[in-house]
Structure formats: C-alpha cells, structure tokens
Amino acid sequence: MSLRTSREILVTPGPTMIPHEVLGAMHRPTVDLYSEALHEVTLSCLADLRSIFRTAGDMYVYAANGHGAWEGALSNVLSRGDTVLVLESGQFAKGWGEMARMLGVSVETLPGDWRRAVNPDQVRAKLKADKEHKIKAILVVQVDTASGVCNDIAAIRDAIDAASHPALLMVDVIASLAAIPFEMDAWRVDVAVGAAQKALMTTPGLAFVAANARAKAANRKAGLRTLYWDWQFRDGEEHYKKYCGTCPEHLLFGLRKALDMIKAEGLDAVHHRHRLLAEATRRAVAVWAQGGALSLNAAEPCERSDSVTVIRLEEKHAERLMDFCRNVCGVVLGVNIGELSGQGFRIGHMGDITAATILGTLGVIETALASLSLPHGKGGVSAAIAYLAQATAPASSAGTRGPRMAKKKAEAPVGA
Ligand SMILES: *Cc1c(COP(=O)(O)O)cnc(C)c1O
C-alpha cells in the first residue's frame, strides 16, 4: 500500500529542502572567474550575511560544510596548547571540542544534560574558578540539532561578564541562523559559525565565520593559522583571496537567491514563521505524548528550539514509524543521533517550511501512529491547527507581531 509519489517532504534538520527558485538560480553556465559581476555577488552575499548574523564585524565564506567552518574558526584564534571550554547541551559543541583537541588544544568540558540547555550560573562558576585565565575561548551551540535544545546566548554572555573573564565567546549558529533571532554584536559574540544547508535553504558546501574586533586581535597571535582558513589572507582585495582559490560559483548563485528570498520575506517574518510552526509541532507532540510512548526530548518549554524538535520514542516503535512515514506517505523524518540514536526521531522545521509542510508532516505522523496502533493521545493535529488558527486570527494578529524576544518570554508554550 502506498500513498506517495517520487516527491518527498524532507523534514530532516539539514540538509533541508531547497526552494525551486534556489535550484533554478544555480542552473546556469559557468562565468569567468575574473568577472566583476561575480566579485559583486560575493560582496553582496557577505554584506547580507552580516545583516543576518546582526554584526558589523568581518564575514568569511568557505567552500566547506559546517565542520570546515568549525576548523576555520578555531585555527584563526587559537594556538597549540591553549585551553578551550566546551559547554555541553547535546552533541555538537562536544564535536567542535573534539576538533579543537586534534588541533592540539586542551579541552575542558562543562558537562551538560541532553534534555537541558547550558546553565549560565555553572558557566559563571567555572570561569570564576579559572583565576589565571587559562581558558582562551568558550565553545557553545545556539541550537543543538541532536537534542533540540536552544541555549540562551545572551545569558551566557552575561555569565562570562559576571566572572570578568576575557575568553572569546564562540557560537555555532549552524542550526539556528535565519530561523531564530541571533544578535552577534548585541550579545558580544566574538566568533560565530554558520552553514548554508539548514535555514539558509542552500546546498551543503558553503560555510561562514563571522569575527569581531576581539577575534581579529586574537587572530594576529594565533599559532594554528593555515593559509586556507586564514582571515588575513582572505582580507586581501583580490576576489580569489576571499576563497583562497576558485569561487564555488554555483553554490554562490544559489545562496544569492536564498538571501534574496529571506530579504523579501523579512528576517523578523522569517523568525515569526519558524516560531509558529515550531510551536504547532510541539502542540501536536504534547497531545500524542499523553499516550505514554513518546515525548519531547527538551525538558523545559523555554529551552525548546524553534528550528528542530527532537522526539523520544521507544526503540521498537521508532523505526516502524519512520519507515511508514517515508515508504507509505513520502515524508522523510530525521533520525535521532548520538545518545538518542534509535530512540525516536526529529522534525526539522527550518528553512523553506510552510504551514502545509508542517501540517502535512504532523498529519502523516498521526496517521502512522494510528495505522501502526502505537500508543498515543488522539487529536495532535487538531491541537496544531487550533494553535495556528488562533495565532493567525485577524483579531489577535496585532498582538503576535510585537518584538520577538519579549514575546517569546511572555508566552508560555505547552509542556509534554
Ligand atoms: C549540521 C550541524 C553541524 C555540522 O554541519 P556539517 O555541515 O554537517 O558539517 C554543526 N553544528 C550544528 C549545530 C549543526 O546543526
């Protein structure tokens, strides 16, 4: 029995579905590497990325995936023998720390819980104890894609300040950039790392590192610099220096289109769309969770990411549910990874995601739960619809378009 065709809805948390406009923008002949027009595309993309990172700092683009940008960030500000502090809240900051270790950096970890965000009080205590300021940089993710936890970067900044510690704050925003608010300059983040294939809706292969003046000062003393990653080389005027070689032209054409689409929608509206569709997802999961078999991984409502939802489901059910969604209905859910491997699934709701994508996905999951007779509370999709109906109702729309950060705190999301 099949209810699907070749067209799939891919709700994995990266790479995400690429809009047809972006695919179309890449379908064009190669242009001369030395053309002024290509140089202009690079400069305009860097400028627009700065506005999405919300920084007046320097922006670097690498022909690499996110792991590449991790190395680009570390090698530009650190030296062999330096110490970094990894703030754990799942898988990804630890992975970044592993990379630092292989570069010859000492790694200390503030242990965390896969269900909770980094605790800023513990960060402050840990830094206060480092009286000699041995720790040169702090590595943290804004959203951990494996746990579905969202860290409060502004609060972590405050904790560093409260400890009067000079370490650089380095933030991985790969799974949150252009999905939820990030304020590089206002939160005094020194280095931020992003990638193209998540909420930026472009193919894997482009990654970004933003650096402020403190990071640039650290770069002048960094012993781990290599020519390929080095910011000083890339600061050169010639276009090829921006890539340390050939510009990945077609990836850039795709990115240019994706940035145009984000601009046309408006960054605030993009964030708002992500917030509503994420909350609709959580409302559905909360109802299903009443059946006892399944639950949201992130324990605290205010720590749940608006870009990915991580769902726990007993191992014996998870594979059957995901197979049904894909094979019968054409919806590809994300597998759980790391500590949660095999135990549940992930719904990526970032990038080119609409109400139809999410309601379709939730409807298919609910169909799977019923068809496979898995224990679940009835009416998850109805709860998601009720939430979206209320959030988009003309009478309440004035109230839902206020400042995002204030709004997020004021609104109590449901628990599961
Ligand atoms: C996807 C992801 C990465 C890794 O990106 P790659 O392109 O797979 O190297 C790193 N950090 C976070 C938070 C991610 O979601």
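Two strands are taken to pair if DSSP finds at least two bridges between them. On that basis, Ile-311 stands opposite Phe-345 in strand 14. The model is predicted, and the points below are grouped by topic.

**Strand 12 and its partners**

- Strand 12 covers residues 308-313, and five of its six residues are buried, so the strand is largely enclosed by the rest of the structure.
- Strand 14, residues 345-348, is joined to strand 12 by four bridges, and the two run antiparallel.
- Strand 11, residues 294-296, also pairs with strand 12 in the antiparallel sense, over three bridges.
- Within that pairing, Arg-312 in strand 12 is the bridge partner of Ser-295.
- In a regular strand, side chains alternate between the two faces of the sheet.

**The ligand and its surroundings**

- The residues that surround the ligand include Asn-65, Gly-66, His-67, Trp-70, Phe-92 and Val-143.
- Also among them are Thr-145, Asp-172, Ile-174, Ala-175, Gln-197 and Lys-198.
- By type, this shell divides into five nonpolar, five polar and two charged residues.
- Helix 3, residues 66-77, contributes three residues, the largest share of the shell.
- For Asp-172, a polar side-chain atom lies 2.7 Å from a nitrogen atom of the ligand.
- On its own the ligand has 390 Å² of accessible area, of which the protein covers 90%.

**Aromatic pairs**

- Seven aromatic pairs are found in a search of the whole structure.
- In one of them, the ring centres of Tyr-228 and Trp-229 are 5.0 Å apart and the planes stand at 75 degrees; the pair is edge-to-face because planes over 60 degrees apart count as such.
- Trp-229 has a relative accessible area of 11% and is therefore buried, whereas Tyr-228, at 29%, counts as partly exposed.
- Another pair consists of Phe-233 and Tyr-240, with ring centres 6.3 Å apart and planes at 75 degrees, so this pair is edge-to-face.
- Tyr-240 has a relative accessibility of 39% and counts as partly exposed.
- Tyr-62, Tyr-228 and Trp-229 are linked into a cluster by ring pairs.

**Backbone features**

- Most residues other than glycine have a negative phi, and most peptide bonds are trans.
- The peptide bond from Gly-14 to Pro-15 is cis, with omega near -5 degrees.
- Pro-15 belongs to the loop between strand 1 (9-11) and helix 1 (20-26).
- Ser-164, although not a glycine, has a positive phi of about 50 degrees.
- The loop that holds Ser-164 lies between helix 6 (153-162) and strand 8 (168-172).
- With a relative accessible area of 56%, Ser-164 is exposed, because the cut-off for that class is over 50%.
- Arg-188 likewise has a positive phi of about 50 degrees and is not a glycine.
- Arg-188 is placed in the loop between strand 8 and strand 9 (191-195).
- Its relative accessible area is 42%, so Arg-188 is partly exposed.

Note on methods
Residues are numbered from 1 along each chain as its sequence is written. This is a predicted model: local features need pLDDT of at least 70, side-chain atom pairs count only at pLDDT 80 or more; totals for chains, interfaces and linings use all residues. Side-chain values use heavy atoms; hydrogens and water are left out. A residue is near a molecule or strand if one of its heavy atoms lies within 4 Å of it. A polar contact is a pair of N or O atoms within 3.5 Å; within protein, one must be able to donate a hydrogen and the other to accept it, and residues adjacent in sequence count only if both atoms are side-chain atoms. Accessible areas come from the Shrake-Rupley method with a 1.4 Å probe; for residues, only the protein chains shown count as cover. Ala, Val, Leu, Ile, Met, Phe, Trp, Tyr, Cys and Pro count as nonpolar, Asp, Glu, Lys and Arg as charged, and the others, Gly among them, as polar. Buried means under 20% relative accessible area, exposed over 50%, partly exposed in between (1.4 Å probe, protein chains only). Rings of Phe, Tyr and Trp (its six-membered ring) pair if their centres lie within 6.5 Å; planes under 30 degrees apart count as stacked, over 60 as edge-to-face and the rest as tilted.
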